[in-house]
Amino acid sequence: MSIPQLDFDPYTDKALSDPFRHHDDLREAGPVFGLSRYSCYGMARYAEVQAALKDWQTFVSGRGVGLSDFSKEAPWRPPSLLLEADPPLHDRTRGLMNKVTALPGLKARQAEWNMTAKAIVEPLIGAGSFDAVAGLAEAFPLQIFPELIGLRDDGRENLIPYAMSVFNAFGPRNALLEQSSVDAAGASAWVADSCKRQFLKAKGWGADLFAAADRGECTTEEAERLVRSFLSAGVDTTVNGIAAAIQAFAENPEQWQVLRRDPSLVRKAIEEVLRYSGVAQTFFRTTSRELEVHGELLPEGSKVLLFLAAANRDPRRWNNPDKFDITRNASGHVGFGFGIHQCLGQMVARFEMEAVLSAMVESVEEIRVAGPAVRRPNNTLFALGSLPVQLIPA
Ligand code: HEM
């Protein structure tokens, strides 16, 4: 037996704009397959993707979670101390970040976030067609997330272009990456400055990290780089999570009615959005040793592309996987990853999505599609550029 080699290119604009139509072929190709254009391997079935995410000793992140292997090529930026780190370094930084982002502090913000979401949503109800990406999915996180970190007030418009270029950088050096790096050059410089102690406010997760540095729990340079992790991973992800939720309910109006009848389903609904929508489509790992997958040998140093979104719709794991069904038990999805690198900000994301959906559930009868959604191709995220909708009042 040999590993099937596919000519499929997951990084064309067309494939990035409509990835789900290729996932059946990827899952059917086998538990592991080659992607000949990039001399790497891929996995798209739930069991293998989840097992690889869990086995951090074999599927390492420290050699980069993009196509580039940091043991062969210089990293394109000083690597993330979380996402692109393995234990023991990862244990230390993750332990520190877990303390900074602990749940009680976050819960204390929930009431304020709910009020902010209501203030953004209310004027949109019955106001005709608007772009739910700019008007809601971006507007809400951009109001609350920079405050959570204690980010400076000027220049926050840099956050999204910066994040887009970061997520493009996990793919190949294609035109998308080139263009977004050019577009984000100023934004990247602004982010690098904004992570420094002197630019952060006295209160927020940024200041908490520098307080940890003062206690000797990390260095000042590490604190800066950990603030950068918040800014890289915490904005465009939630923007697209919120946009995906609005799109899923707009395209499946009966599911909005299910939620309206029983708003206590909101948390289940959020998990289903994360399973169904594939906001984080893919991440790479690198094999630290030769290993066997179902009788196939993968050499040491192989780059393996894990198709999280395909795993989340694998019929071997989920009944009727292409159906958006907020009553299903979606727990176990890998939309936030799995294992030691599972999303640090998952509770932030859940609380943000809950604030937006709860602000609409009583007063919006229908989230109506008001025009074609436009995708914004990205090498990692399944992102929306615009989403015209109307919020029909109850
Ligand atoms: C809907 C929103 C979000 C999605 C879909 C998402 C998705 C993910 C995924 C799939 C991973 C795992 C990557 C891997 O295993 O290589 C991850 C890790 C991470 N996420 Fe999120 N994320 C979201 C929101 C956030 C937010 C709001 C923050 C910050 C507050 C954040 C910070 C991080 C960090 C720092 C990591 C790396 C953790 C580690 O390596 O230990 N994410 N996220």
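Two residues are in contact if their C-beta atoms, placed from the backbone, lie within 7 Å. Keep that in mind for the exercises. This is a predicted model, where local features need pLDDT of at least 70, side-chain atom pairs count only at pLDDT 80 or more, and totals for chains, interfaces and linings use all residues. Residues are numbered from 1 along each chain as its sequence is written.

**Exercise 1. Work out where His90 sits, and what His90 is in contact with beyond its neighbours within four places in sequence.**

Step 1: find the element. His90 belongs to helix H4, residues 89-100; helices (H or I, at least four residues) and strands (E, at least two) are DSSP runs, numbered from the N terminus.

Step 2: check burial. A residue is buried if 20 or more other C-beta atoms lie within 10 Å of its own, exposed if 12 or fewer, and partly exposed in between, with C-beta atoms placed from the backbone. His90 has 20 C-beta neighbours inside 10 Å, so it counts as buried.

Step 3: list the partners. Setting aside neighbours within four places in sequence, His90 is in contact with Leu82, Ala85 and Ile340.

**Exercise 2. Describe how H6 packs against H7.**

Step 1: Two packed helices are described by the angle between their axes and the distance between the axes.

Step 2: read them off. Helix H6 (residues 110-121) and helix H7 (residues 132-149) pack at about 145°, and their axes are 10 Å apart. Axes here are lines fitted to C-alpha atoms, for helices over the stretch in contact, and angles run from 0 to 180 degrees between N-to-C directions.

Step 3: name the residues that meet. From H6 come Trp113, Thr116, Ala117, Ile120 and Val121, and from H7 come Leu136, Ala139, Phe140, Gln143 and Ile144.

Step 4: sort them by class. Ala, Val, Leu, Ile, Met, Phe, Trp, Tyr, Cys and Pro count as nonpolar, Asp, Glu, Lys and Arg as charged, and the others, Gly among them, as polar. That gives eight nonpolar, two polar and no charged residues.

**Exercise 3. Look at the whole fold: how many helices and strands are there, and what share of the residues is buried?**

Step 1: count elements. The protein has 17 helices and 13 strands.

Step 2: get the extent. Along the principal axes, the C-alpha atoms fill a box of roughly 60 × 50 × 35 Å.

Step 3: take the share. Of the 394 residues, 46% are buried.

Step 4: look at the contacts. Among those with a separation of 6 or more, 74% join residues 24 or more positions apart.
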